[in-house]
Structures are given as structure tokens and as C-alpha cells.
Amino acid sequence: MGRKAKFGDDGAVKQIKGPGRKAKKQKPPKMLPGLPKLEGDDQPKKLSHRQKQRASRRVKKKEERKLIKKEKKKGVKNIDDVENNKNESDTTKNIKNEIVKQFSDSNNSWLKSKNSKSVIPEKDDDIESYDSNSDIDDEVTEGNGLESFDEDGLSDDDDYLAGTLDDVDSSNESGIEDTVLKKKKSSTKKRKAEESDDELLPIEKAAKKLKAAKKKEDAEADEEMKMQINVASQDVFVFPASDKIDEHIPIPEVEQRIKDILLVLSNFNKFREENRSRQEYTDLLLKDLCTYFSYNTFLMEKMMHLFPLEDLMSFLEASETPRPVTIRTNSLKTRRRDLAQALINRGVNLDPIGNWSKVGLVVYNSTVPIGATPEYLAGHYMLQAASSMLPVMALAPQENEFILDMCAAPGGKASHIAAIMKNTGVLIANDVNKNRAKAVIGNFHRMGIANSVISTYDGRHIPQLFKNFDRVLLDAPCTGTGVISKDSGVKMSKDETDLQRCFTLQRELLLAAIDSLNFKSSTGGYLVYSTCSVLAEENECVIDYALKKRDVKLVDTGLSFGTEGFTNLRQHRFHPTMKLTRRFYPHTHNMDGFFVAKLKKFSNIIPKNNESEDNEEETEINNIDSENVEVQNTFEKPVANIKKPKHGRGKNRAEKKN
């Protein structure tokens, strides 16, 4: 490409003089200082500000190295005069002990430091100052990987660092000498200390280490004491005035007041206000907890009676967070290892639920819906909470047994029983709700269970229909205080009337389950009672009632973990064997709140009780709500229609006419 032509008025091309845009003359190159000048370049080039700084640094470093070398020579002569009786091997050993500071005495025999390289230049230093003509000694000793050291114990790095550029001044050479002398003194002190350590016996070294450890512990104890003093010196909680207790305050202030009240109650004599009783503090705490966690007063008061104050907050906070998703492998169709591999291939992140279960898996996250995978539709696993596996494990069903699940819907526990029985024997899966029984049918078909009979009778009438069961599982209906994370409506909907209805129904179901057991069974005669509630009225009180009304005893559940049941709680006093029952909490075991008890029947004898106890039982039964009465009446009809077979045509015709 050439220059663009320009034409005049007459059409002739104008000739433009001078260089074009792309043909400008290039400036001559700038040469670095110190290089020979080019021919014809007589005038000296001016140095830049940066080049002047680097040149001055080079001069200062050369002067510094000369001074350090002089000091080295003087130091070597003095050391030779003092230590002329020592061998060279001892000096080299002391030097090595001085350098390897990062290793302890027990490790320096087999640990070696890495090969240290030469001093790294600073960013501002010129590369030319580290050429082959520099005075820095970068030689490395062969064999041990350590740098070369002079006899005064100073390495080349120490010599270089003894006088930094910030300390160097061309007009003040005495400052350099002072820094070099200080460095020498510190190095000699360290060397003497290490020599004294080498001369000590092993027991003396151990005593020295113990003293150092004790000093460290004392220092930590002093710091902890200071922290406690600071905590004690904080402002004490001021109880609000009577007219301000009912005022609405923001949630953050409610949370802080809860913490303050818990601190006061933890050491009441120290932090309480004068003329204030513990009941006043607990009443204010009850009000704040109901506000903060959205509970009604009745249920929160029950929780405060059940848990100590230090565990109460942990339980309430754990009940707000959902539990991990868990699944149970169907051993009739697959193994847990194969199921886990298949789900991992589909993008499911899972692990075994724990050592206590051989079929459980916990799912952390999944890229596919865990309830709609081909494995789920094929019946390879069941979505089931970890706590729901515990009653079946306590029941321990055997093959070829006659077993009853009195409240079976939606079929998780019943299908677990059938899988352990390996589709042998007979399993009666009963539930009073016909709509929920449809879920049992669907799950049984999907999981390939073929030894079950599904019924929809009222559990209280089971002894009139079926008897002589080897084992019975009763997962009784309850208030659901252990599964608040699944149903938050429990916090405000349950009151004293609901609790009364629940434990009255639970007592009747438990007595009916005991009556349907066969105590002469060679393999069984066991009953497992479980609820998803943490209240003592639905658990220990019901079991204690059954121990008085029937000839049964509590036995070990066989579960390897869990908290023991209560033997006494406030005004209640339970049977001493109640410690064989097991409780499970969200904040302790990371599963739903659950209660499991295992009973063994010894005879059909019904113990005689006092008339007062019978009257109490009658009043409790009369307190059942109208809904339970209606359910009872609806299930009395099929029971009444079940008649024994009669012989003779005349009798049958008369019955048909009637």
C-alpha cells in the first residue's frame, strides 16, 4: 500500500514532500548504563531516576559486604582462641542443631531440612547485582543439604539479613556494625542454649518439657479465669415491670431475653433480683418461648416439665428443622448394596443410616425425585423415617409366625415385618380408616408382599375377631409431639382435651392388643408399643396402666441406643422396669421423637383392682369425644353381624324372614 494520491484542479497529481505517516524516523535505542558506547555517540546518556536508585543500592551493598567480611574474620579469630580444644565434628554438630530449629529433640535424628537456596533478591534489586562477579557466597554443603556456615554460627542468609537496606546509610557506618554485633550475640546465645540441652540427660529434658507445658496450661487457665470474670461482671438481667410484661417486643429482643432468663435460672442465687421468685422467671420464660416458637401455653408447659432447661432450647430448635430423608431397602427384591449403587448412578447422594440398621439409607440430595425412580416403582425400597424402623426391630418377627399390626397404615412397618418374615406365615395388617388402608394395599402390591391380610376393623374389637397372635405391633395414634418438624400445626392445635382423648384410646388399644396375644406361643407372646410422641402421658403412663391391668412384664427392646424411659417425672411414679423402654429425641439422635416399649404376656389372668381404680377407668372412658363414639358404633355392626354357623333349614329360613 502506498501513499494516497491527491489531485489538483487541473487533474495533475500533487507531489507531497516529507516522510509519510508510516515512514517516520525511529528514535535511537537507549543503552543500559555500563555498556560500551556506540561509535559516533559522543554525548553521554542521562540515567533515569530508577537507574540512579539501583546504582546507589549496588554501591551500598558492596560496602556492606566488605564490612561484614571484616567482622567475620575478626569473629573467627576470637572463636578459634577460645575453642581450640574442640574437634571439628563437635562444631559441625552444634551448627546443625542450631539450624534445624523446626524439629524437636526426638525427631532431629531422622528428619532433615530441605535444601535451602540462595537469597531471593528483592523486587527492587537489579538482576545485574546477582551475577557471577557478586560477592555473595551461594555454595551449598554436600551430603547434608545445609548451607555453608562460618565458624561463628552465622549463615550467608544471616549475614545478608544482618544489615538490611533500610538500615544502611553511606554516611553512618557505625549503624551497620551495631546490627552485626547484635546478630552475633543472639546467635551465640542460641548456640549456648542448644549446647546445654545436648548435655542434659533424657530425664532432665523431659522435666524441662513438663515445666514448659505447665507454664502453658497456667497461662490458659489465667485467660479462662479472666473470661469468667468478664462474664460475671456483665449487666445482670433486669426483670421487666408488671405493666410491661404483656407489651409486644420484637423477636430479636425476645430471643435475647430468653437467653438472659436461662442464664439467671442456671445460677439463680447469684443472678436473681431481690424479692423475685423462681416462679416469676419461669412464667416469663414460658410466655417468651410461646411467642418465639409459636406454641400454645399448654403444650409449651408440658415441654418445660419434660426437659431440663439446658435441653429445652435444643429440642425446640431441632423440632423446627426437618429430619434427613431416609429409605428402607426391600430385602424381598434387592440388597442394600445393589440399591445404593443403582441410586448413585442416577445422581443420588446417600450413605448407610448407621450400624444399627442393615436396610436403612439416608439421602442427602438427589438430582431425581426420590419417590418416582424406577427402583421405587419396582418396589426396591420404601420411603420411611428412621424412627419407624425401630419398633419392627424391637418386635423381631420370626418366619412362619402369626403376627398382627393393629394400626398399619400406610404400610411402612407392616411391609418391614413381611420382609423379615420372608413372605412366610400370616400377617394381619389392620387399620380403622378405610381410605388409609388403600395406601397399604398399594404398597404391598408394589413391594411384592404375599403373606398378608388387610382388614379395616376397630382395633378395640380385634380380640373378638382374631386371637392367639404370636406377636403384635401397636403403633398407637398420638398427638404427634415428636414429629413437629413434619406437622407444625401440632404446636397450636393440641390442648388438654386432645391429650385426654389420645391416651384413653391408647389404653384401650393396648389392652385389646394384649388380650389378642397367645402367651403359650413357643416363639412369641411379645407386644411392642410405640408412639411418635414425647409426652409421658402417652407413653410411660399408658405402659404403667397396662402393667397393672394385665399379666405382662416389660422386657429389653434389643435396641443398642436411645434414652431410658422415665421411672419418675414430677408427680408421677412409674414401675422400676420402665428404664427398659427407649426414648428418641430430634436433638439427641437426629430422628423424630419416638417411644418404644416391649411387653411379654405370661397368662390370661386379669388382676383384681380396687373399686376406686375401676371407677377412675370408667370416668376416663366416658371422656371419649363424640367422634370416637361414632367410630365405635360404626364398627359394632359388623361385629354383631358375625354369627356362628347354625344347622337346620328351618332355622336359616326363619332368620332370612326376620
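Of the 67 residues in the largest nonpolar core, which touch the most other members?

Guide: They are Leu 289, Leu 474, Leu 510, Leu 527, Tyr 529, Ile 543 and Leu 599. A nonpolar core here is a set of buried Ala, Val, Leu, Ile, Met, Phe, Trp, Tyr and Cys residues joined through side-chain atoms within 4.5 Å. Buried means under 20% relative accessible area, exposed means over 50%, and partly exposed is in between, with a 1.4 Å probe and protein chains only. In general, nonpolar side chains of soluble globular proteins tend to be buried together. Leu 289 touches Ile 258, Ser 294, Met 300, Met 304, Leu 312, Met 313 and Leu 316, leaving out residues up to four places away in sequence; a contact is a pair of heavy atoms within 4.5 Å.

Residues are numbered from 1 along each chain as its sequence is written, and side-chain values use heavy atoms, with hydrogens and water left out.

The pLDDT, the predictor's confidence in each residue on a scale from 0 to 100, averages 77 over the protein chain, and 65% of the residues score at least 70. Residues 110–174 fall below 50, and that stretch has 89 contacts in the model beyond near neighbours in sequence. Residues 618–658 are also below 50, with 29 such contacts. Where pLDDT is low, predicted coordinates should not be read in detail.

Apart from neighbours within four places in sequence, Tyr 585 is in contact with Phe 307, Val 534, Thr 563, Phe 566, Asn 590 and Met 591. The C-alpha atoms of Tyr 585 and Ala 318 are 9.0 Å apart, although 267 residues separate the two along the chain.

Next come the rings. The whole structure has 11 aromatic pairs: rings of Phe, Tyr and Trp (its six-membered ring) pair if their centres lie within 6.5 Å, with planes under 30 degrees apart counted as stacked, over 60 as edge-to-face and the rest as tilted. Phe 307 and Tyr 585 make an edge-to-face pair, 5.2 Å centre to centre with 70° between the planes. This pair links distant parts of the chain, 278 residues apart, with Phe 307 in the loop between helix H9 (297–306) and helix H10 (309–320). Phe 307 is buried too, at a relative accessible area of 7%. Trp 356 and Phe 561 have ring centres 5.4 Å apart and planes at 50°, so this pair is tilted. Trp 356 is in the loop between strand E4 (348–352) and strand E5 (360–366), and Phe 561 in the loop between strand E12 (552–555) and strand E13 (563–564), so the pair ties together parts 205 residues apart in sequence. Elsewhere, ring pairs link Phe 402, Tyr 457, Phe 466 and Phe 469 into a cluster.

Now for the positions in the record. An unreviewed UniProt entry lists Cys 532 for "active site"; its positions are given in the numbering used here, feature names are shortened, and annotations may be inferred rather than shown by experiment. Cys 532 is in the loop between strand E11 (526–531) and helix H19 (540–549). Beyond residues up to four places away in sequence, Cys 532 touches Cys 478, Gly 480, Thr 481, Gly 482, Val 483, Gly 593 and Phe 594.

For "binding site", the unreviewed UniProt entry lists residues including Ala 409, Pro 410, Asp 431 and Asp 458. Ala 409 is buried, with a relative accessible area of 12%, and its contacts outside four places in sequence are Asp 431, Arg 436 and Val 440. A cis peptide bond, with omega about 0°, joins Ala 409 to Pro 410. Pro 410 is in the loop between strand E7 (402–405) and helix H14 (412–421). Asp 458, in the loop between strand E9 (452–455) and helix H16 (462–465), counts as buried at 5% relative accessibility.

How values were computed. This is a predicted model: local features need pLDDT of at least 70, side-chain atom pairs count only at pLDDT 80 or more; totals for chains, interfaces and linings use all residues. Helices (H or I, at least four residues) and strands (E, at least two) are DSSP runs, numbered from the N terminus.
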